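Work through the exercises below with the sequence and the structure in view. Each task is followed by its solution.

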Amino acid sequence: MVHDPVTLTGARVVTPDGVHRGRVRIEGGRIAALEPDSADTPPGEVRDLGGAWVAPGLVDVHVHGGAGHAFPDADPEGALATVRFNRSRGVTSMVGGLVAATPEDTVRQVAALAELCDAGELAGIYLEGPFIARSRCGAHDPDLLRDPDTAEFDAWLKAGRGHVRMITVAPELPGALDLIRAAASSGVVAAVGHTEASYETTLEAVEAGATVATHIYNAMRPLGHRDPGPIAALLGDERVTVELILDNVHVHPGAAGLVFAAAGAERVALVTDAMSATGLGDGEYTLGDLRVRVSGGEARLVETGAIASSTIVLPRAVRNAVEGLGVGVPEAVRSASSVPAAALGLSGVGRVEVGAPADLLVLADDLSVAEVLYRGERVE
């Protein structure tokens, strides 16, 4: 593909280290320079943004579907439709999330998503189950949950051909710490979630190599002043990146603000946990084998009424952080881009820097996405 040079001038550019005021020069689908605005006219197309924000393409590391499709369906065409739906709305890198399934189905799902990873459409594969607590199963089928098994984990690695990026584990389960160590030694991020673990057991999991908290607060033993549980352990440990679903349904803004205050924006990874209903509307859908009813944009299991994923796209979480919590625009953007990318070891994405792919968003005054560039080309 031939890319004509493009220069975005008059921009406030969110970089990993601060805010660059000036212009971004794009050549060959990559960021060629971050420069001050000047009188000279660069080659190619020049667009004056009038002071608008330019953000890196967002990175959603916990998402299960969208646009009527779900990653657990193991349908490459449907998964690609989900990727393109998100990309058009500003999420230029995604990790395909799976839920608890049988051992055979999990291997089949991983193998199917690995094809999209090979093609560069997905940034990796995430397994939220099945090694989680039945009492905190959330929208996972409790009959499909099981104790951690390193042999099963090895089968996922083989099927994933190097693309399995993260797995959630409840550290109180038999064999959990061994599984966490196996994941860490294999280059797979171990996350603590869907858990009844005590404060002490959670810290053992971090010592064993766990580095992410799966959607903090949700599907976790709650915080108590004499029994702090996993929430206090995960928020208080500098080694842990904390996922936060900021759709104003999963977590009250008052509790979400405490996450930013306790961990700091550099340790908060905004995620959506979105499902197939995202981008559609109210109605009945499925998550794995479970029926979900969406009403007013809020998704709940038909059988139990438990919250079942969200129906937002990641830029909405950025706006909620800024408008609802008072987080600065640069910090909120990084929490949805460079922070999650770094947590999962995704190189070359979620950052505006020279040499990086030109995956960029132009944000309007209300922080809605006005334009998306993917590899330097406009996404319609």
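Helices (at least four residues) and strands (at least two) are DSSP runs, numbered from the N terminus. The model is predicted.

**Exercise 1.** Describe burial, contacts and charge in the protein chain.

Solution. 
- Step 1: Buried residues make up 58% of the 380.
- Step 2: Among contacts with a separation of 6 or more, 68% join residues 24 or more positions apart.
- Step 3: The chain exposes about 14500 Å², of which carbon and sulfur atoms supply 49%.
- Step 4: There are 30 positive and 51 negative side chains, and the centres of the two sets lie 2 Å apart.

**Exercise 2.** Which residues of helix α5 are buried, and what covers them?

Solution. 
- Step 1: Helix α5 spans residues 199–208, and Thr-202, Ala-205, Val-206 and Ala-208 are buried in it.
- Step 2: Seen down the axis of α5, the buried residues fall within an arc of 160°, so they line one face of the helix.
- Step 3: Glu-200 and Glu-207, on the other side of α5, are exposed.
- Step 4: The cover over the buried residues of α5 includes α4 (176–185), β12 (189–192) and α6 (229–236).
- Step 5: Gly-209 follows α5 and has a positive phi, near 130°.

Terms used:
Residues numbered from 1 in each chain as written. Predicted model: local features only at pLDDT ≥ 70, side-chain atom pairs only at ≥ 80, totals over all residues. Heavy atoms only, no water. Buried < 20%, exposed > 50% of the residue type's maximum accessible area, 1.4 Å probe, protein only. Contact = heavy atoms within 4.5 Å. Areas by Shrake-Rupley, 256 points an atom, 1.4 Å probe, with all protein chains shown as cover. Lys, Arg positive; Asp, Glu negative; His and termini not counted. Charge placed at Lys NZ, Arg CZ, Asp CG, Glu CD. Arc of directions from axis to C-beta.
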